[in-house]
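Student: Hi, could you walk me through this model? I'd like to start with a helix pair and then hop around a bit.

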Amino acid sequence: MKMNRERERIKNRLDEELGGLQFGGQEETLRRTHPRSWRDRLRAFWNKEIEVSLLPLGASLAVILAVAAIYQLSDAKNDSGDTDWRDGRQLVEAGGNTYWKDDYERAVASIEGND
Amino acid sequence: MKVTIKVKHLAIGVLAIGLALTLLQFVVIPKLQVRAAIKHFEAGNVEGKREMLALIDNAASPGKRWELIRQYMIGPGGLSIANRYDVYVGPSSTMGGGSGSSVRDYREWGWEEKLPYLLEYVSDAPVGMDWFEAAKQIAEYYLSEGRTNEALSMLELAEGRRGDAWGARLKLERAKIYAARGDTEAAGRLVDEMEAAKPSESLDLDGDIVQFKARLLVAEGKARDALQEIDREIETTREWMEAEKKKFPDMQEFTPAKLERLKTFRQLLRQAVDDGADKDAAVSGTVKRSDGTPLARVGVFLRSEQDVNHSVIDGEPYQTLTDAQGRYEFKNVIPGNYQLYLGLQFDQIDGWTWPTMYGDWIVVEGGKAIHQDVALQRLIEIQSPSDEEVLADSKVKFSWQAVEGAVHYSLYGQLPIEHGVSSVLIRDRILGHSTELPVETLYEASGGGYSYQEVNGEMVLETRQLLGFADPNSRYSWYVEAYDERGRLITRSNGYRLNEDTMGPLPFFYLKERSLNAADELLLSGRLDEALAEYKKSFEADRSDRYSLNQIIRILGGQAAMARHSKTSDEAIPYLERMMELAPGKSDTLFNLFDYYEGKRDWAKVDTYYRQYLSAREGVLDGYAQSRYATALMKQKRLDEASAQFREALENDTSHRFVGNFLAVELYKSGSIELVAKLAETYPQRASYDYSDWSRLIRGLAQESRNYESETYGKTLKEALEAYFDGNESVMDGIRQPALKAFVEALRKVS
């Protein structure tokens, strides 16, 4: 008895408090739980949660990066191969002659190294 | 390990990565490729060229395409033949041109690769400097291949695109080609068209057109009209300047390059007109290596006396390129004195030299066709000493590869001084391709000049130069020149050595036969007076100490030069005379003594020392010494002897710097202005610091003489010349006849 009364009181209170609210989302909820149209199905799929294993994802990313890096590196190696032959070379006048400065310095260094 | 995500997040992520990849593929990577291609191309890689071509072919927009062609095929804007070469060589100077590496890119193209792109550029790209340059380059190429008609039609076609100054520039190029072909009529027609279209908006262009027209007029025998034409243009330019000044009163004073060029050109023309030249001339020849290989696309410059004192510039009228057979030709050359200059790339000069000499002039006379071939010669390979060899014996041996046809060699040493190096003649007229010299020869070798350095704001003598080859710690170098029997330079050992094959041994050596003494140490530390006192002390202690004696003479000479006295001071004479006792055949000492006594008008001693000098030189004379002796004879009024000496000397010294004295002698002897006028024409003085136009001065005398009774003027003339011979300054200062005064003033500057 007492419990019934208590329950009633709570219900009354609830009614009173929720009196201003009305649930209007029945249709929406139904659509989501039981999609009928293609749009609804698409949306359901769009929001579907999937589990992805990190291991294969990480591994494939690593492979892509590695390939890119190797490609870049081999390119850079080609770059440095021939570039030193004339770019930015300076002339120097020494002993009445005109030499490329780097050639001249190398020649002098090799002479002085022999002494 | 697993993560839970929504499909939409996965999709967005995939999309983002895709987008990034697309961006990379179509924007970033192409940009990187462009950069890489440019880098490879600039580095001179073979695949760089291919990449660059692909880049141009696949350029995203026409604008980009033009930019690449402009930058990597045509070359930096306005790279005319007056400034595109690595080296410019001529009788008066050798000059490095551009920086080398920065102007190289566009040259790497072969014409078969480049031509279609340049043609396209000329027909479709926006008109401007580069467009003009492209058309000019194509024309140059066609001409060098002998495809003159193609050059003409290409220029005409391009010209049709624009009627403004750029079009006019191309028209001028076309006119020049016609003139070079000898078709002055067609050239003249184009000039008329250009003049009808005036005024152009370019001063320089107008100046170039007028200069060109003047040359055509000279070709038609209308030199005077040409002069008038130039005068009119100078006047117009001056008026224009006045107007500009009024418009912009705040503007700084300036002279347009055009005016300078016109004035220089006018001088040339004026001289030709005065000399009665009524026809133009042609100068042609080939540029080859001594082994017969022709040098194609070498810049050839025919430079007038007025121009040789500065570097090669765009406005000079005679500039051309050699064709595939190394041939060049200048037509419509105005008579006058010219020097030939070459513009060469490093790979053309590397290991080679053009043995042109200081006094090499081409005398161009009207109506003549002058042929002047150029042969580059291989540099002499030096043998020893080399590669910083240390020489410590009392004799030093120099040896080098023999040169075919060489009769004698001159050996030069170079010593490092504060700023740069000082070159010193060690020995000339060496008969074989090696020589062994007492080490004293090096210690006593003197360059004849002194250099100065600034110490605490004061100019003092450069002491390292005074020590010469006597510093065991200095690194010296040497080079050698080969001459034929007529005294013409054949080749030399010093030049451009830019790759392993041409570098050869380095010409450096150390001379460690002696060690520095106390006086030397003082000299090196810049205490000149103390050093001199110390050398004197050593010499007084041992009067046969040649080393100290030589140092005393050298320091006294330097001090005299520093004080701008004559070369030799009174104080030096006893030392020089003592040196003559110790080393009787020393020619520079003998010349010093000759020079000193000439200044003192002590004729007996002048004769003695000159005779000794002559025998020390084994009778072989340079024009300078002989002219000096002839001048001494003139001052003694031994005029017949003087005249003979001058004549001989003028043949040996092509600068003709003493010709004034010769004319004075002849004028005094003969009294005939007419005769002397002819001599002045035969031996024109070359442009130099104290240059005089003797022909003009003599013409002035001839004109002035007409105002007087011939006897009176003749007498005045003789008196004036006598005053000059005697060094009688007050009489010379008192001359009243303006032309005579000008003549005598010019004589006083002869030295």
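Student: Which residues meet between H3(B) and H4(B)?

Tutor: From H3(B) they are B:Trp66, B:Ile69, B:Met73 and B:Ile74, and they meet B:Lys114, B:Tyr117, B:Leu118 and B:Tyr121 of H4(B). Contact here means that the C-beta atoms of two residues, placed from the backbone, lie within 7 Å. By class, the residues of this contact are 7 nonpolar, no polar and 1 charged. The nonpolar class is Ala, Val, Leu, Ile, Met, Phe, Trp, Tyr, Cys and Pro, the charged class is Asp, Glu, Lys and Arg, and the others, Gly among them, are polar.

Student: Before we go on, what kind of model is this?

Tutor: It is a predicted model, in which local features need pLDDT of at least 70 and side-chain atom pairs count only at pLDDT 80 or more, while totals for chains, interfaces and linings use all residues. Residues are numbered from 1 along each chain as its sequence is written, and chains are lettered from A and ligands numbered from 1 in the order in which they are written.

Student: Thanks. At what angle do the axes of H3(B) and H4(B) cross?

Tutor: At roughly 130°, and the axes come within 11 Å, with H3 spanning residues 62-74 and H4 residues 111-124 of chain B. That angle makes H3(B) oblique to H4(B). Angles under 35 degrees count as roughly parallel, over 145 as roughly antiparallel, 65 to 115 as roughly perpendicular and the rest as oblique. The axes are lines fitted to C-alpha atoms, for helices over the stretch in contact, and angles run from 0 to 180 degrees between N-to-C directions. Helices and strands are DSSP runs numbered from the N terminus, with H or I of at least four residues for helices and E of at least two for strands.

Student: Which residues of H3(B) are buried?

Tutor: B:Arg65, B:Trp66, B:Leu68, B:Ile69, B:Arg70, B:Tyr72, B:Met73 and B:Ile74. Buried means 20 or more other C-beta atoms within 10 Å of a residue's own, exposed means 12 or fewer, and partly exposed is in between, with C-beta atoms placed from the backbone. After H3(B) comes B:Gly75, with a positive phi near 100°.

Student: Got another helix pair, say H22(B) and H23(B)? How do those two run?

Tutor: The axes of H22 (residues 623-635) and H23 (residues 639-652) of chain B come within 8 Å and cross at roughly 160°. That makes H22(B) roughly antiparallel to H23(B). Their contact includes B:Tyr629 and B:Leu633 of H22(B), and B:Phe646 and B:Ala649 of H23(B). The class counts are 8 nonpolar, 5 polar and 2 charged residues.

Student: Zooming out, how is chain B divided into domains?

Tutor: There are domain 1 (7-54), domain 2 (57-87 + 95-274), domain 3 (281-371), domain 4 (382-515) and domain 5 (621-748). Those bounds come from an automatic or database domain assignment. The C-alpha centres of domain 2 and domain 3 of chain B lie 20 Å apart, and their contact takes 29 residues from domain 2 and 27 residues from domain 3.

Student: Which element gives the most on the domain 2 side?

Tutor: H11(B), with 9 residues. That side of domain 2 divides into 15 nonpolar, 9 polar and 5 charged residues.

Student: And the chains overall? How many helices and strands are in chain B?

Tutor: Chain B has 29 helices and 23 strands, and buried residues make up 39% of its 751 residues. Chain A has 5 helices and 3 strands, and 6% of its 115 residues count as buried.

Student: Is B:Asn332 buried or exposed?

Tutor: B:Asn332 counts as buried, because it has 23 C-beta neighbours inside 10 Å. It sits in strand E7 (residues 327-333) of chain B, with a positive phi near 50°.
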